[in-house]
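Please walk through this structure from one end of its architecture to the other. Keep the sequence and the model side by side.

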Amino acid sequence: MELRQLGTSDLRITPIVLGTWAIGGWWWGGTDDEAAGKAVEAAVDEGINCIDTAPVYGFGHSERIVGEAISGRREEVVVATKCGLRWDREEGQHFFDDDTRQAGQVSVYRNLRRDSILEECEQSLKRLGVDVIDLYQCHWPDPTTPIEETMGALTELLDQGVIRAIGVSNFSVEQIQQCLQHGPLHSSQPRFSLLQRASMEELIPFCDDRDVANIVYSSLEQGILTGKVTPDRQFEEGDKRPEKNPWFQEGNLRQALAVIDESLRPVAEAHDATLAQTALAWTIWAPGITAALAGARRAEQARENAAAMEIELSEEQWQDILTAFQTLEAKAGFG
């Protein structure tokens, strides 16, 4: 199984990383804990060695599911989690309010203050049932806290051996530049998929040039690139994708599905692969990409995602797919 270097750290990860936002339940219309645990186990069984989670995914629930699933298999897994989104402390920058199944009405704040990071780290260690967090990432930037303070706290945890690598998510080029002035930075986690490629213009090349690994999220665009989300899809109560992601709007979705059928399907059939596997293969072979997060709520989805690591697209196939989606972006008016 191919392993890729995580920036300048001593960690090596598979090109596909298991994403666990959905198994936390929040935003995705709930979760099945037993199926979620089996999905985590299946991912590890199939060779995926990195699992990405966060406290806010189900307000602690995703971390607990991951912790239980990897119990007894800790040495097989690079555990990545995050800090900086608090629903239990009203400090920092207010981010959003939501009515959730897991925690009721919540107000979420971006908080990357030193004391908050140290407190969150301790809580995550307990929920995950681990002694060390391999990759600890700032979930979103907090404009109310100096980056020097944030990096100071993360470097402190790194020096203590509580974490093994430092990462950020949703940070701009300018913010990453500031991070690099105040300590080591091993990874960046931007949004990137065939339907959302803005980070490829500047952010991903910037990080790649500085040996900061790019671990991208929403690689399947919350399920659209699987080809299974059709205009007549009925979403469960609490599933916020249709109201939050413009690609789920019927007109945009129909256009996306047409391009998926025209450009991805022939390549998928040539490789005896699914549409999801082909979209993931395209992503992990894009320039500057270290790994792609792929979520799974069931074991069969985890196994399907893992198999994408075995697909090798030709340069012509990769470019033809990109060209088709660039045309879609221009037609739809956004990307």
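**A guided walk**

The model is predicted: local features need pLDDT of at least 70, side-chain atom pairs count only at pLDDT 80 or more, and totals for chains, interfaces and linings use all residues. Residues are numbered from 1 along each chain as its sequence is written, and side-chain values use heavy atoms, with hydrogens and water left out. Helices (H or I, at least four residues) and strands (E, at least two) are DSSP runs, numbered from the N terminus.

Stay with H2. Eight of its 10 residues are buried, so the rest of the structure largely encloses this helix. Buried means under 20% relative accessible area, exposed means over 50%, and partly exposed lies in between (1.4 Å probe, protein chains only). The buried set is His61, Ser62, Glu63, Ile65, Val66, Gly67, Ala69 and Ile70. These residues pack against H1, S4, S5 and H3.

Take the H3 side of that packing. The axes of H2 (residues 61–70) and H3 (residues 114–128) come within 7 Å and cross at roughly 45°. That makes H2 oblique to H3. Axes are lines fitted to C-alpha atoms, for helices over the stretch in contact, and angles run from 0 to 180 degrees between N-to-C directions. Under 35 degrees counts as roughly parallel, over 145 as roughly antiparallel, 65 to 115 as roughly perpendicular, and the rest as oblique. From H2, the contact (heavy atoms within 4.5 Å) uses Glu63, Arg64, Val66 and Gly67; from H3, it uses Ser124, Arg127 and Leu128. By class, that is two nonpolar, two polar and three charged residues. Here Ala, Val, Leu, Ile, Met, Phe, Trp, Tyr, Cys and Pro count as nonpolar, Asp, Glu, Lys and Arg as charged, and the others, Gly among them, as polar.

Now the barrel. Eight strands close it in the order S3-S4-S5-S9-S10-S11-S12-S13, with parallel pairing. The twist averages 30° from one strand to the next. Two strands pair if DSSP finds at least two bridges between them. S4 (residues 50–52) and S5 (residues 78–83) run parallel and share three bridges. Ile51 has Val79 as its bridge partner in S5.

Cys138 is bridged to Val168 in S10. S10 is mostly covered, with six of its seven residues buried. Next come S11 (residues 187–189) and S12, parallel and joined by two bridges. Ser188 stands opposite Asn214 in S12. From S12 (residues 213–216), Ala213 and Ile215 point one way, Asn214 and Val216 point the other way, and all are buried.

A second sheet is open. Its three strands have the order S6-S8-S7, with antiparallel pairing. S6 (85–86) and S7 (93–100) stand at the edges with a single partner strand each, so one side of each has no neighbour in the sheet. S7 and S8 (residues 104–110) run antiparallel and share seven bridges. Asp99 stands opposite Gln105 in S8.

Two loops deserve a look. Most residues other than glycine have a negative phi. Asn170 is not a glycine, yet its phi is positive, about 65°. Asn170 lies in the loop between S10 (163–169) and H5 (173–180). Asp272 also has a positive phi, near 55°. Asp272 lies in the loop between H8 and H9. At 74% relative accessibility, Asp272 counts as exposed.

Step back into H8 (residues 250–270), where Ser263 is found. Is Ser263 buried or exposed? Ser263 is buried, because its relative accessible area is 11%. Leaving aside neighbours within four places in sequence, Ser263 is in contact with Ile321, Ala324 and Phe325. The side chain of Ser263 also reaches the backbone oxygen of Val259, at 2.7 Å. Ser263 and Gly72, where the walk began, are 191 residues apart in sequence and 43 Å apart in space, C-alpha to C-alpha.

End at H10 (residues 299–307). Its buried residues are Ala299, Ala302, Glu304, Asn305 and Ala306. Their cover includes S3 (16–19), H1 (33–45), H9 (275–284) and S13 (291–295).

Key. Polar contact = N/O pair within 3.5 Å; in protein donor to acceptor, adjacent residues only side chain to side chain.
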